[in-house]
Amino acid sequence: MSGPDAELPEQIVWEGKYITAKVRGRWEYVGRARNIRAAAIIAIEDGHVLLVEQYRIPLGKISLEIPAGLIGDDDGSEDEAPETAAMRELEEETGYTAQRMENLGEYYSSPGMVSESFTLLRAHGLTKVSEGGGTDSEDITVHRVKLAHLRQFVANWHALGHAVDVRLAILLAEDFLQED
């Protein structure tokens, strides 16, 4: 099944280094430029989950998120595997490495407005190797939260008026509150 606008041509209204604004019929939406994708990482071990906090310009506030980053955003890395990007981003943001990444599939966070997808990955075999905090252009705070306290941690975050990434809802689902 497709809508009446599905057969109309897609028009690029504006394109930057990372984002492209598009129109197709009556639909306005954005996507990643150059087919860049994202990797989002669920990192649970020893009864704790790794979360990151950073200020997000589009929201105008700090946001609580699972570690995540772009796949293939550097020149010459267009064919980067989600697992490779996830390993890099996990270490950059949290200071932890993983023995392996389990690919849980591709998902879309807001399909009525954004064409961007993300690959959800589960990190296994975590080892702390540094403080994390992201790259020079990022100011990331790492939170290692006890799974038993996760619901209250997120509720407190909401009560403070901070943003919470929708992917944290995945963590609150019963399946992910169980360890390996």
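1. Just past H1, Gly95 has a positive phi of about 85°.

2. A word on the basis: this is a predicted model, where local features need pLDDT of at least 70 and side-chain atom pairs pLDDT 80 or more, while totals for chains, interfaces and linings use all residues. Numbering starts from 1 along each chain as its sequence is written, and side-chain values use heavy atoms, leaving out hydrogens and water.

3. Which residues of H1 are buried? They are Pro82, Ala85, Ala86, Glu89, Leu90, Glu93 and Thr94 (buried is under 20% relative accessible area, exposed over 50%, partly exposed in between, with a 1.4 Å probe and protein chains only). Down the axis of H1 these buried residues fall within an arc of 130°, so they line one face of the helix (the arc is taken over directions from the helix axis to the C-beta atoms).

4. That buried set packs against strands E4 (37-45), E5 (48-56), E7 (68-71), E8 (96-108), E9 (117-128) and E10 (141-146), with contact meaning heavy atoms within 4.5 Å.

5. Elsewhere, Trp14 sits in strand E1 (residues 11-15) and is exposed at 51% relative accessible area. Pro4, in the segment before E1, is exposed too, at 68%. Pro4 and Arg26 are 22 residues apart in sequence and 9.7 Å apart C-alpha to C-alpha.

Note on methods:
Helices (H or I, at least four residues) and strands (E, at least two) are DSSP runs, numbered from the N terminus.
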